[in-house]
Amino acid sequence: MISTRDRIVVLTGAGVSAESGLGTFRDKDGLWTKYDLNEVATPEGYARNPAFVQGFYNARRANLRDAAHNAAHAALAELQGAMGDRLTLVTQNVDDLHEQAGSRDVIHMHGQLMRALCGGCGHRWDAPEDMQPHHPCPSCAAPAGRPDVVWFGEIPYHMDQITDAITGCDLFVAIGTSGNVYPAAGFAAMARDIGAVTLELNLEPSDVATDFVASRYGPASEIVPAWVAEVLAR
Ligand code: BV8
């Protein structure tokens, strides 16, 4: 029976932020039903039309400013408070709602919407409200400022740290992710293969639901606090 004495890895996806009004990617009305991800979330798309891509992320940054964390983010922050570094929180999300809820050391494997990256020197800084094409880097002045997010075809961040946490965990929990995007979608199988328990908390079965030995379905703002309360009570 999993308790706060175990080592837990939690992976979140867009579903954990859905009830905060940020929308998801692949649900009905999801972002990828309105935009072609090849045009707005690939280096090639950015090279073709930097103004359009910067505008896409400027709009999402503005959206995020109006969003508030929800009970699922808060429950995970409470669990982290009780477990310390026995809980590793990995997110595919580029929003900062886990941090707004009080989580620390969140591993943003797909980057962060509120950060900017220089494609030239690698400098990172807090993204301004509106980033323009060829945004000048405050460090090297190259016109190479871009959103600090991992696009399709780019290598996710912190993979070694994530792999170390998964291969040493007792429980792997995926929350609010459809299991479409790799390498994140392969994490549950990685955990299962080293003998960890795997739990899926989602609105509906994901594309990798069979990689989990346990699952609970419902809105994250309901099922995540309930699960956290059970773990804290043991
Ligand atoms: C890489 C940042 C090499 C940008 C994102 C063919 C087959 C397999 C793989 C590939 C392939 N061709 C290419 C690939 C690799 C590719 C990939 O996986 N493509 C997919 C589309 C097939 N992956 C990559 O390119 C990655 N890089 O592979 O590099 C490598 C790898 C390892 C080591 C070395 C080298 C880079 C991928 C990163 C792309 N960037 N985001 C941005 O955000 O703008 S990914 C994008 O999808 C978002 O970040 C999002 O977070 C992520 C995953 O989506 P989900 O979070 O799951 O969201 P989704 O809408 O899909 O699902 C929401 C879920 O929530 C649903 O299940 C829904 O039921 C549930 N839900 C809804 N409401 C609620 C809820 N649950 C609970 N409560 C609710 N209220």
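Predicted model: local features only at pLDDT ≥ 70, side-chain atom pairs only at ≥ 80, totals over all residues.

Trp-32 itself lies in helix H1, residues 31-34; helices (H or I, at least four residues) and strands (E, at least two) are DSSP runs numbered from the N terminus. Trp-32 counts as buried because its relative accessibility is 16%, given that buried means under 20% relative accessible area, exposed over 50% and partly exposed in between, with a 1.4 Å probe and protein chains only.

Next, colour the protein by its division into domain 1 (1-22 + 69-110 + 156-234) and domain 2 (23-66 + 111-149), bounds that come from an automatic or database domain assignment. The contact between them takes 19 residues from domain 1 and 16 residues from domain 2, and the C-alpha centres of the two domains lie 25 Å apart.

**The ligand and its shell**

Now select the ligand and the 35 residues around it, of which Phe-25, Arg-26, Arg-60, Thr-177 and Ser-178 come nearest; a residue is near a molecule if one of its heavy atoms lies within 4 Å of it. Both domain 1 and domain 2 supply at least three residues to this shell. By residue class the shell divides into 16 nonpolar, 13 polar and six charged, with Ala, Val, Leu, Ile, Met, Phe, Trp, Tyr, Cys and Pro counted as nonpolar, Asp, Glu, Lys and Arg as charged, and the others, Gly among them, as polar.

A polar side-chain atom of Ser-178 lies 2.6 Å from an oxygen atom of the ligand, a polar backbone atom of Ala-220 is 2.8 Å from a nitrogen atom of the ligand, and an N or O atom in the side chain of Glu-19 is 3.0 Å from a nitrogen atom of the ligand. Taken alone the ligand exposes 1500 Å², and the protein buries 77% of that, with accessible areas from the Shrake-Rupley method and a 1.4 Å probe.

**Thr-177 and its loop**

Stay with Thr-177, which lies in the loop between strand S7 (171-175) and helix H8 (187-193). Is Thr-177 buried or exposed? Thr-177 counts as buried because its relative accessibility is 13%. Its side chain makes a polar contact of 2.8 Å with the side chain of Gln-92, a polar contact being a pair of N or O atoms within 3.5 Å, where within protein one must be able to donate a hydrogen and the other to accept it, and residues adjacent in sequence count only if both atoms are side-chain atoms. Beyond four places in sequence, Thr-177 touches Leu-11, Gly-13, Gln-92, Asn-202 and Ser-206.

Pro-183 is found in the loop between S7 and H8, and the peptide bond from Tyr-182 to Pro-183 is cis, with omega near 5 degrees.

**Phe-172**

Select Phe-172 in strand S7, which is buried, with a relative accessible area of 0%. Its contacts outside four places in sequence include Val-9, Leu-11, Ile-166, Phe-187 and Phe-212.

- Ala-141, in the loop between strand S5 (124-126) and strand S6 (145-149), has a positive phi of about 70 degrees although it is not a glycine, and is exposed at 55% relative accessible area.
- His-158, in the loop between S6 and helix H7 (159-167), has a positive phi of about 60 degrees although it is not a glycine, and counts as partly exposed at 41% relative accessibility.

Terms used: Residues numbered from 1 in each chain as written. Heavy atoms only, no water. Contact = heavy atoms within 4.5 Å.
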